[in-house]
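Please keep the structure open while reading this note.

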Amino acid sequence: MMRLPKFTYVRAKSVREAVRVMADAGPDASFVAGGTDLYPNMKRRQQTPKTVIGLSGVRELRRIAGKPETGLVIGAGATLTEVCEHSKVRKGHPALAKAVSLISTPILRNMGTIGGNVLLDTRCNYYDQNYEWRKGIHFCMKKDGDVCWVAPSSSRCWAVQSSDAVPVLCAIGARVALASQSGEREIAAVDLFRDDGIDYLTKRPDELLTEIRLPATNGWRATYWKLRRRGSFDFPVLSVAARLWFDGATVKDAKIILGAVGSSPLDAHESARLLIGKPLTEDTIRAAADAAYKPAKPLDNTDFAYAFRKEMAKQYVARALRDLA
Amino acid sequence: MAAERREFKVIGKPHRRIDGVAKVTGATKFADDLALPGMLYCKLVRSTVPHARITRIDVTRALAAPGVKAVLTGKDLPIPFGILPVSQDEHALCLDVVRFIGDPVVAIAATSEDAAFDAMDLVEIDYEPLPQIPDVDTAARTPEPRIHDYGDEGNIHKKVSLVFGDVDEGFREADTVRDDLFFYEGNTHLPMEQHAALAQFDGDGKLVIWSSTQTPHYLHRALAKVLAPLAASHIRVIATPNGGGFGGKSDPFNHEIVVCKLAMLTGKPVKVSLTREEVFYCHRGRHPVLMRIKTGVKKDGSITAMHFQSWLDGGAYGSYGVASTYYTGALQTVTYPVKRYRFDGARFFTNKPPCGPKRGHGTPQPRYALEVQMDKIAEDLGTNPADLRLRHLVPANSVTANWLRVGSMGLGRCIETVVAASGFREKWHKLPEGRGVGLACGSYISGAGLPIYWNAMPHSGVQLKCDRGGGVTVFCGSTEIGQGSDSVLAYVVAELLGIDPFDIRVVTADTDLTPVDLGSYSSRVTLMTGNAAIQAAERARELLAKGAAAKLAIPESRVGFANRRVFDVEDPSKGMTFAEAVVAAESQFGTIGTVGSYVPPPSPGKYRGAGVGPSPAYSYTAAVCEVEVDKDTGIIVVKKTWIAHDIGRSINPVLVEGQVEGSVYMGLGEALMEEMIYRGNRNVVHKFPSLLEYKSPTTLEMCDVETHLIEDPDPNGPFGAKEVGQGPLLPMPPAIANAVYDAVRVRVDEIPITPDKVLKALRAKDRRYGPTKTPTVTWPEPIVVPPPWEGGTGKAVSGEGAKPIVIGAGGVRK
Ligand SMILES: Cc1cc2nc3c(=O)[nH]c(=O)nc-3n(C[C@H](O)[C@H](O)[C@H](O)COP(=O)(O)OP(=O)(O)OC[C@H]3O[C@@H](n4cnc5c(N)ncnc54)[C@H](O)[C@@H]3O)c2cc1C
Ligand code: SF4
């Protein structure tokens, strides 16, 4: 059996207690919600926190409140099942409900939380391996080593942003609330991410993600498409979240986010630009889809051939847009 | 045989499994469920380099770590072992060279798994790197350094060349000759249960090991060899029920030997439970095979000659590889008559986990090549692929060009059944673009004709004991790996003794308590243990009949057995309970215990290499798959499979269907996604030794399956039964490949058929994706054996094989 390293577990009962324990414990501590990302990573010795602060007892993190029309608020500790089965999420934010329902398996969704999903470690199949395996490649830059095996001449890590919820949250313009000893701040979900496989979050380690604040649902439609080998279990290796505002038959504004083909969610600006001011026809869809080829930057560190994933960016953008036509 | 005589009470009925309740309630004890007081935990420190000389091992720090009780290195277990007598090339812990990432070097036993794990990092090993040989091409180009200092040449482990008749002449007689290359990527068994073993060494000098092994007898032999001077008679191997094996637990393994040695050294029970990653390193799975198949056919589709060549990537050790190599050339002849046949095969050593037998052992790869080529030939001839096959079937009770004796042969009925059920004739080449159907067939052995090591003893033995209380116990060395072999023993004995299968206690897979059965491999168990059980039960029946006849004052021939009663068949009201019959017999003869055993019939082939391929009976399968192919993404969805399997007779149709569906599932995974691949640029490290990233289908990818059982009892099978554990996998990859062609008219001549390969084929000028070249190998002087219809005797007339000698996978009977 793969074993967890030894650590001290502290179960927090409130947001205040959680951030206080974190401030006291310092950089060697980690929050844990469902543990479906953190614990496997700890077994592989990718993360070895000395103190783990459990959030499952923090009731205030689990609520889903408000109305889609004025802005739904989802607590970071709500489980993925709670999110994707919630009637207001399903009615008001079908794209988010779909993205969350496509995460892994029912068992994992019962355990994993939306907050943990948003903050999910970036992934790479040179990195998501156990300690002995990584020893065999002399480790890599993201943990214990100094080279990136995906792009050996590069000075950065290209591990992949692999959350299903993130592209949708970014496309629809959700905001997130972060709490720490020094107070609370709210930032746009897009601004939470950095294009770096190691330092992939702008959130400080001592900050607790408390809420995900969804925008009011008026006048736009969104959708989500996910490429993966199998219809269950698998992480995305390419995903597309698209949100369109219409003025009659004309696209008034557009946002298209590509997931799992870079270290952060990627904004396919050009694809969006090609749609604005135009009706959504097969021709405009094709043009926008073709423009998604360039920004997609898959590398050889996930399932499927990377050239195939890059090519599929076109197909999946087209499919997503057809959904909204 | 007892087979034909009457209506059956048990055979052919969908009885529950005798271990069913225990399995579904979690009561079954698998190896990892076992624990003994004071037990130590073992961890293996494995090589982190693919090929190197070990220059230094320092275990002092590890030995001093808290909780650590013993540390072993290769020097502690210097005797080599291996499953085949000709490939004794493994050491429990590497002696001086490591050959792949994952090769075990040091073993640690500690008071807890955590302590053993923590000590692993304290072991210091220095390596002097040797050139890495990641694949067959490199192995062919790099004779030195050799991964092993034995084998046919350089890094070629084994080379084979067999010729049956004048093949060149055969090609001249042909109207068309097709010459195709195919590649089948390696894949692994992926049993749900990870290997585990627990060893205990008693104060009286006796060793017991419980292990999830499919072959307790072969493990027993290997332990006796490496643990010498410990006598074989002091070693007891108990195979725990396997949570799936599929061939992945049929070699003796280093971790099994290591826990035995550690138990002997420490005097404490020692347990090892492998991680999933380590199971990937045990491997012994499907060989990656590159194949060239050249076939000459007449206008009517009859095959005038076939020349089959295979290049196998064997990985770092021999394992069953010599047998696997022969198997890639053995069964091409048992479906459609091949008038003249030549086979050349070569297996290479590479710095990867060793390949070996996986469900279908060595035959799914050539079957895929053959069945796709048949589809191409049908296309060339403008014939429906079903008709092409139906017109040319190997007749029942015949001998093939390579001297395999075929008994019952139900392939024709299988094809007709799936063609009718699927509407193949209405659909083939007629469905809208993107949708297609494909047909393919297969055949498999019901048990290898020869054992792994040459001997003249039974392949399977059964002891049967009748108790005065009416209880019956069946002892047999066979191993339950989920296929239902324990239940089959109970059904067979219950049928003959007229009792309920649940009245019977089955004791299996314990080398101290049960007579030898060679193991759960080569689809041999139902046929061989079934026949042995029939013999033992008939002998018991004879004694009971005598006892009852005396009591009833009727002739013995009038005694019948049914419904737990023993009675006068002419007046069934006259009789007694089964228990009373035992008492009557025991009063007359003393303790009632009988034995039965089974030896397969000799094969007509007498040449070197004839040991691989012969079987008491061949099963046949035909399948039609219907697929949907998305031309924009290349993604394939298999909608439905219709499959017909010639089982001879089903002992229990529910178990048979379970095996068929399991095979369809496994074949589907191999066809579409499973692959054991390595980072050639990064130390030949396995790309993703995990259940998440090694892609195997989930229930969502599984297609609908419609199973048809074709029953045509084979005279050599118990009640006519043939195998079903492996054969139904064979048609799946080619049926899917042929269906993809029907859907979008591209040939993907490489398994797995992934979406990017489909897209590449769609864009290729020749609308094909697949291998284009083969490595250069100097084939050995062929062994020439004339086929039966050219006056042959089954012996070689020239080449090395002119005199029969013992070969790797067994020997040749004179
Ligand atoms: C087999 C498998 C398949 C998976 N498939 C998918 C998939 O298809 N799609 C997908 O998107 N994900 C997938 N996941 C990833 C993951 O399990 C989910 O994303 C899940 O939502 C993570 O949530 P969690 O609560 O379990 O996170 P945890 O493991 O508890 O935490 C994840 C990270 O977030 C931090 N964290 C958690 N909550 C907070 C908080 N409130 N404030 C600050 N930091 C916090 C933790 O410190 C940790 O670093 C998969 C995981 C596995 C094991
Ligand atoms: S992208 Fe490079 S540095 Fe980052 S995890 Fe993968 S191999 Fe390591």
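1. Start with the interface. Chain A and chain B bury about 3400 Å² between them, and carbon and sulfur atoms give 50% of that area. Buried area here is the accessible area (1.4 Å probe) that two parts lose on being put together, summed over both. The contact takes 38 residues from chain A and 44 residues from chain B; contact means heavy atoms within 4.5 Å.

2. A word on the basis. This is a predicted model, in which local features need pLDDT of at least 70, side-chain atom pairs count only at pLDDT 80 or more, and totals for chains, interfaces and linings use all residues. Residues are numbered from 1 along each chain as written, chains are lettered from A and ligands numbered from 1 in the order written, and side-chain values use heavy atoms, without hydrogens and water.

3. Charges across the interface. The rule finds ten salt bridges between chain A and chain B. A salt bridge is a side-chain nitrogen of Lys or Arg within 4 Å of a carboxyl oxygen of Asp or Glu. B:Glu113 and A:Arg3 form a salt bridge through their side chains, at 3.1 Å from N to O.

4. Polar contacts and helices. Chain A and chain B share 17 residue pairs in polar contact, both residues at pLDDT 80 or more. A polar contact is a pair of N or O atoms within 3.5 Å; within protein, one must be able to donate a hydrogen and the other to accept it, and residues adjacent in sequence count only if both atoms are side-chain atoms. On the side of chain A that touches chain B, α8 (131-136) and α12 (306-324) of chain A each supply at least two residues. The largest share, six residues, comes from α12(A). Helices are DSSP runs (H or I, at least four residues), numbered from the N terminus.

5. Domains of chain A. The assignment gives domain 1 (1-59), domain 2 (60-119 + 160-214) and domain 3 (221-324); such bounds come from an automatic or database assignment. Domain 1 and domain 2 of chain A bury about 1300 Å², 67% of it on carbon and sulfur atoms. Zero salt bridges are found across this interface.

6. Helix α17 of chain B (residues 653-672). Of its 20 residues, 14 are buried, so α17(B) is largely enclosed by the rest of the structure. Buried means under 20% relative accessible area (1.4 Å probe, protein chains only). At the start of α17(B), a side-chain oxygen of B:Asn652 comes within 2.9 Å of the backbone nitrogen of B:Val654.

Conventions. Buried < 20%, exposed > 50% of the residue type's maximum accessible area, 1.4 Å probe, protein only.
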